[in-house]
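Welcome, and please open your viewer. We will go from one selection to the next and look at what sits at each stop.

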Amino acid sequence: MIAGADRFKTLAFLNKTDTKHAKILNVLPPLSAVTICARVQWDSQSSDIATVFSYAIPAFINEFQLRGRIDDVGFIQLALIVHGHHTPYRSVLKSDGLWHHFCVTWQNENGAWFIYADGVKVSSGDGCYSSQIIAGNGIFIIGQDQDSLGGTFKQNEAFSGNITDLNIWTRVLDANQIKAVSMCSFPQQNLIYQWNLTSLEIEPSVQIMELQLNCTGKES
């Protein structure tokens, strides 16, 4: 557990472009289950589709992805894509320009998936690419949708806002663990990527900032 305030290196995607992105250099294994969490400050002025992350493999581009948009009444809607299977967009939080913590989980058993916002389950379902696995040895991009392996980005699908504290586990964290993660406690079991800019390849126009958060995830 991190006591008190903690400083996070943050990626700033100031505008939607077809270039701004960061690539995780770690190689992901085949995944029968996965949890990905991150702290996100959404650009409340952008209503287009925004890709928080995309994972592509040579044989299939849309292998795993989290994307969102702001609806007509100002709520952030999120959806998962798993091997081309698209979950419904669900409203999860008011777009208020503040930092929020998001987690997504998926497992091949029943194709069950969950989306959490600020430690609370806000969307779930099953039947999404069940009995299959997410293939390994792909390319994980933050901030862009890949239309070819590692590239061919489109401005209208790019993320606009700020992202930090993205972590990946090769298992489904339960609701209590995700609540703890939202408050800066990190289960180490099956943690295969812990936020660290040295393990990212960052496109030069992405700005790097330092953000101080306390363990409730609120800006201090």
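A word on burial before the first selection: a residue is called buried under 20% relative accessible area, exposed over 50% and partly exposed in between, using a 1.4 Å probe and protein chains only. Please keep in mind that this is a predicted model, where local features need pLDDT of at least 70, side-chain atom pairs count only at pLDDT 80 or more, and totals for chains, interfaces and linings use all residues. Residues are numbered from 1 along each chain as its sequence is written, and side-chain values use heavy atoms, with hydrogens and water left out.

**Stop one: aromatic pairs**

Rings of Phe, Tyr and Trp (its six-membered ring) pair if their centres lie within 6.5 Å; planes under 30 degrees apart count as stacked, over 60 as edge-to-face and the rest as tilted. The whole structure holds seven aromatic pairs. Start with W42 and F159: their ring centres are 5.4 Å apart and their planes stand at 85 degrees, so this pair is edge-to-face. W42 belongs to strand β3 and F159 to the loop between β12 and β13, 117 residues apart. Strands here are DSSP runs (E, at least two residues), as are helices (H or I, at least four), and both are numbered from the N terminus. Both W42 and F159 are buried.

Next, select W106 and Y129. With ring centres 6.4 Å apart and planes at 25 degrees, this pair is stacked. W106 is in strand β9, while Y129 is in the loop between β11 (120-125) and β12, 23 residues apart. W106 is buried at 0% relative accessibility, and Y129 is buried too, at 13%.

Now show F53, Y55, F64 and F140, which form one aromatic cluster.

**Stop two: salt bridges**

Side chains of opposite charge can pair when their charged atoms come close. Here a salt bridge is a side-chain nitrogen of Lys or Arg within 4 Å of a carboxyl oxygen of Asp or Glu, and the count comes to seven.

Select R67 in strand β5 (residues 60-70) and D145 in the loop between β12 (139-142) and β13; the pair ties together parts that are 78 residues apart in sequence. Their salt bridge is 3.3 Å, N to O.

Then move to K9 and E210, whose side chains meet in a salt bridge of 3.6 Å, N to O. K9 sits in strand β1 (residues 6-13) and E210 in strand β16 (residues 207-213), 201 residues apart. K9 is partly exposed at 41%, and E210 is partly exposed at 45%.

**Stop three: helix α1**

Finally, select α1 (residues 175-182), where I178, V181 and S182 are buried. These residues cover an arc of only 100 degrees around the axis, which puts them on the same side of α1; the arc is that of the directions from the helix axis to the C-beta atoms. What do the buried residues of α1 pack against? Look for β3 (33-42), β9 (99-107), β10 (113-117) and β13 (161-169), with contact meaning heavy atoms within 4.5 Å. Just after the helix, C184 takes a positive phi of about 80 degrees.
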